[in-house]
Amino acid sequence: MNNTPPVTKNLIIINVLCFFATIVADRYGIDLNDVLGLHYFESEKFRLYQLCTYMFMHSGFKHILFNMFAVWMFGRILETVWGSQRFLFYYVLCGIGAGLVQEVTQYFEFIPYMADMAQLSAYAPETVIPINGTSHTAAQWLSLYERAISIPTVGASGAVYGILMAFGMLFPNQEIFLFLFPMPIKAKWLIIGYFVLELYLGFMSNDGVAHFAHLGGMIFGFLLIMYWRKKGTLHGRYF
């Protein structure tokens, strides 16, 4: 860590401190992920600042370990090339962009249920109502819906996937060694593979992972890099 550039180092430190703060706060009955995680914009728990704070919160040790290792591995290289100011701007923008994409994704996920939920208030709480082949009482449906829109999104993954996109675009032929592959793989193929995988999982998987947020970080990163490239300032240190 001694040779790690300042922004990369401080991002890792802040994330780790927030992770331990979450553990300590939980012992006092405070759920920091619920307070600082990103809630769906129609939830009563949603706050605008969560678009920034959610990317410093994590759901578990493996979650933060993978993200911070990626920040250290690729972020320090980007910061060396771009300088601290530009790298920090890029990181935060990708994180916010990922959060915005997650909000839009959740909106379309909830659309099929919104009409049904709006009609539930006309029924007595104990009335059994089938929706999409599943039956619950009106009260249970409302409770499930409120719980669904109150689950926060946490993690630096959106910003991390933005970092991966930047590394793949700046160093497309750089070979990377991964534990899952017996041979090195070029960065450009790795990034394309990640993008396709996240797109597939976003549509086909129900694993509770915000795959479209990952894609959002990559897309916002791609657009920003293309903008800098068009201006001819991609490798410059300043705006």
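**Helix packing and buried residues in the predicted model**

The axes of H4 and helix H7 (residues 157-170) cross at roughly 40 degrees and come within 9 Å. Axes are lines fitted to C-alpha atoms, for helices over the stretch in contact, and angles run from 0 to 180 degrees between N-to-C directions. H4 and H7 are therefore oblique to each other; angles under 35 degrees count as roughly parallel, over 145 as roughly antiparallel, 65 to 115 as roughly perpendicular, and the rest as oblique. The crossing of H4 and H7 is left-handed, a label used if the near helix is turned anticlockwise from the far one by less than a right angle, with right-handed used if clockwise. On the H4 side, the contact is made by His63, Asn67, Ala70, Val71, Phe74, Gly75, Ile77, Leu78, Val81 and Trp82. H7 contributes Ser157, Val160, Ile163, Leu164, Ala166, Phe167 and Leu170. Contact means heavy atoms within 4.5 Å. By class, the residues of the contact of H4 with H7 comprise 13 nonpolar, 4 polar and no charged. In this scheme Ala, Val, Leu, Ile, Met, Phe, Trp, Tyr, Cys and Pro count as nonpolar, Asp, Glu, Lys and Arg as charged, and the others, Gly among them, as polar.

The structure is a predicted model, in which local features need pLDDT of at least 70 and side-chain atom pairs count only at pLDDT 80 or more, while totals for chains, interfaces and linings use all residues. Residues are numbered from 1 along each chain as its sequence is written, and side-chain values use heavy atoms, with hydrogens and water left out. The mean pLDDT of the protein (the predictor's confidence in each residue, from 0 to 100) is 86, and 80% of the residues reach 70 or more. Confidence is highest in helix H3 (residues 50-53), at a mean of 97, and lowest in strand E1 (residues 128-131), at 64. Where pLDDT is low, the predicted coordinates should not be read in detail.

The secondary structure of the protein comes to 9 helices and 4 strands. Helices (H or I, at least four residues) and strands (E, at least two) are DSSP runs, numbered from the N terminus. From the N terminus on, the order of elements is α-α-α-α-α-β-β-α-α-β-β-α-α. Of the 239 residues of the protein, 41% count as buried, that is, under 20% relative accessible area, with exposed meaning over 50% and partly exposed in between (1.4 Å probe, protein chains only). Among contacts between residues at least 6 apart in sequence, 68% join residues at least 24 apart.

H4 (residues 61-82) also packs against helix H1 (residues 6-27), at an angle of about 170 degrees and with the axes 8 Å apart. H1 and H4 are therefore roughly antiparallel to each other. The contact is made by Pro6, Val7, Thr8, Leu11, Ile12, Asn15, Val16 and Phe19 of H1, together with Phe61, Ile64, Met68, Val71, Trp72, Gly75, Arg76 and Glu79 of H4. These residues divide into 11 nonpolar, 3 polar and 2 charged.

Gly75 of helix H4 is named in the contact with H1 and in that with H7. At 0% relative accessibility, Gly75 counts as buried. Leaving aside neighbours within four places in sequence, Gly75 is in contact with Thr8, Ala70, Phe87 and Ile163. Gly75 and Ile163 are 88 residues apart in sequence, and their C-alpha atoms are 6.4 Å apart in space.

H7 and helix H8 (residues 187-204) have axes that come within 8 Å and cross at roughly 145 degrees. This crossing is left-handed. Tyr161, Leu164, Met165, Phe167 and Gly168 of H7 make the contact with Ala187, Lys188, Ile191, Tyr194 and Glu198 of H8. The contact has 7 nonpolar, 1 polar and 2 charged residues. Ala187 in helix H8 is buried, with a relative accessible area of 1%. Residues up to four places away in sequence not counted, Ala187 touches Phe167, Gly168, Phe171, Pro172, Gln174 and Ile176.

Two further buried residues were examined. His39 lies in the loop between helix H2 (32-36) and H3, and at 0% relative accessibility counts as buried. Beyond four places in sequence, His39 touches Asp34, Lys45, Phe46, Gln50, Glu103, Ile149, Ser150, Ile151 and Pro152. Gln106, in helix H5 (residues 84-120), is buried, with a relative accessible area of 6%. Apart from neighbours within four places in sequence, Gln106 is in contact with Tyr40 and Ile151.
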